[in-house]
Amino acid sequence: MHPTRLARAVRVLVTGAALAVLAALAGCSSQDHADEALGTKAALRPQQHKKALGLPGMPPVLDPADLYAADRPNQLSPVVRDFPSRVYVPNTNSNTVSVIDPKTYKVIETIPVGIQPQHVVPSWDLKTLWVNNDRGNTLTPIDPRTGEAGDPVDVHDPYNLYFTPNGKYAIVMASLDRQLVFRDAHTMKTVKAVPVGCYGVNHADFSPDGRYFIVSCEFSGELLKVDTEKMKVIGQQKLPFHGAMPQDVKISPDGKKFYIADMMADGMWVLNGDTFAKPDFLPTGKGCHGLYISRDSREMYISNRGEGSISVFDFTRNKLTKKWHLPNGGSPDMGGVSADGKVLWLSGRYNSEVYAIDTRTGTQLARIKVGSGPHGLAVYPQPGRYSLGHTGIFR
């Protein structure tokens, strides 16, 4: 979180149902829209089996033992297969988005956007990148096929943006407004504004069945549990660390645990989302901030912004196995993994730069100058059937 903002204030029982279940569950969204986003139109119409237990309209989980099974290297949806590979970097102080060609490690374009862009967020249907202009109270759409920005859409306090797993709603993390605002996923018209009893809602991730999601509250050091369908807060707890500042949230591949980065506690909270009991804690490094899953679902890359390092967590061994330090330091923040899984891209929040890191060795491949205050960069396109938001949470 940028200093200026500080001042301003789960193993689900998913059946092995055939993909035809999508047609039976498709809520208010049209079947054609869901099919197109998944890129599997012809394969979604075999005979039906018994009803899945997930959020109505949500595409069935491919593998209950691995929620990221659709995110394998270069497994691009037909929707995005022809999009040029780019890295989109929102510069919060420059009010621009730097566009990097990952092949040359060069900035090839700078797009003017609204005031204080925080994150670049892929839409649920994969067709649009939304730039969250927090203080400008707008979202700027970017067409990832052409790289062209469209007319801004009025949305108040869009610090971050997520999408319900059925593609029905966008969820605006209205941090200063102290609200979770459910909006139509396409028009961005408000459906329901949910007041929250914490300060600084910022990041989230969804349970395997999509029926609830966990939210971090940065400024009050709290976590929320929210019922997706009812659009209602059903749980709230204070983290057991004085001055806690929870950041990124990511669910484990097996759906049993949520990991919450904490930049003041210098590590991750490990939470059972179903019980929402007191979480355990795992130290990672100073300023623990962003969490990113490897393409084989075996590891998680953890950016430690306060010490210029990346920790690597092994899910099978349930332990940290490596730590990579950026040469000459840095401030690694938010980002994503390349489509082939070979490069981790992270913004350098306080250094006006972006880092490209080899995921096999931890070697810094490039350090690229961008605008001031780079934050939630998006690597696009990435593998997956649909997006849950943030800088790219794909299923």
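**Entry 1: terms and strand β21**

I call a residue buried at under 20% relative accessible area, exposed at over 50%, and partly exposed in between, using a 1.4 Å probe and protein chains only. Helices (H or I, at least four residues) and strands (E, at least two) are DSSP runs, numbered from the N terminus. The model is predicted, so I note that local features need pLDDT of at least 70 and side-chain atom pairs count only at pLDDT 80 or more, while totals for chains, interfaces and linings use all residues. Residues are numbered from 1 along each chain as its sequence is written, and side-chain values use heavy atoms, with hydrogens and water left out.

I looked up strand β21 (residues 288–293) and found six of its six residues buried, so the strand is largely enclosed by the rest of the structure. I then looked for its partner. β21 pairs with β22 in the antiparallel sense, over five bridges; two strands count as paired if DSSP finds at least two bridges between them. Within this pairing, Leu 291 is opposite Ile 302 in β22. The two strands form a hairpin with five residues between them, and Ser 297 in the turn has a positive phi of about 65°.

**Entry 2: nonpolar cores**

Next I looked up the nonpolar cores. Such a core is a set of buried Ala, Val, Leu, Ile, Met, Phe, Trp, Tyr and Cys residues joined through side-chain atoms within 4.5 Å. The largest has 63 residues, and those with the most contacts inside it include Leu 161, Phe 163, Val 201 and Met 300. Strand β10 (residues 169–174) gives the most to this core, namely six residues. A second, separate core has 18 residues, among them Val 80, Ile 111, Ile 142 and Tyr 380.

I picked Leu 161 and listed its contacts (heavy atoms within 4.5 Å). With neighbours within four places in sequence left aside, Leu 161 touches residues including Val 121, Trp 130, Ala 170, Ile 171, Val 172 and His 390.

**Entry 3: salt bridges**

I counted a salt bridge where a side-chain nitrogen of Lys or Arg is within 4 Å of a carboxyl oxygen of Asp or Glu. By this rule there are eleven salt bridges.

I opened Glu 229 and Arg 211, whose closest N and O atoms are 3.3 Å apart. Glu 229 lies in the loop between β15 (222–227) and β16 (232–238), and Arg 211 in the loop between β13 (201–206) and β14 (212–217), so the pair ties together parts that are 18 residues apart in sequence. Glu 229 is partly exposed at 47% relative accessibility, and Arg 211 is partly exposed at 33%.

I also looked at Asp 333 and Arg 305, which form a salt bridge at 2.7 Å, N to O. Asp 333 is in strand β25 (residues 332–337) and Arg 305 in the loop between β22 (299–304) and β23 (309–314), 28 residues apart. Asp 333 is buried at 0% relative accessible area, and Arg 305 is buried at 7%. A network of salt bridges links Arg 305, Asp 333 and Arg 349.

Lys 323 lies in strand β24 (residues 319–325) and Glu 307 in the loop between β22 and β23, so parts 16 residues apart in sequence are tied together. Lys 323 is partly exposed at 36%, as is Glu 307 at 30%.

**Entry 4: aromatic rings**

Rings of Phe, Tyr and Trp (its six-membered ring) pair if their centres lie within 6.5 Å; planes under 30 degrees apart are stacked, over 60 edge-to-face, and the rest tilted. I get 13 aromatic pairs by this rule.

Tyr 105 and Trp 345 form a tilted pair, 5.9 Å centre to centre with 40° between the planes. Tyr 105 is in the loop between β2 (96–101) and β3 (106–112) and Trp 345 in strand β26 (residues 343–348), 240 residues apart. Tyr 105 is partly exposed at 27%, whereas Trp 345 is buried at 2%.

Phe 313 and Phe 315 form an edge-to-face pair, 5.5 Å centre to centre with 85° between the planes. Both Phe 313 and Phe 315 are buried. I also noted one aromatic cluster, formed by Tyr 169, Phe 182, Phe 206 and Phe 213.

**Entry 5: charges over rings**

A charge sits over a ring if NZ of Lys or CZ of Arg is within 6 Å of the ring centre and within 35 degrees of the ring normal. The charged end of Arg 178 is over the ring of Tyr 199, 3.8 Å from its centre. The charged end of Lys 250 is over the ring of Tyr 292, 5.6 Å from its centre.
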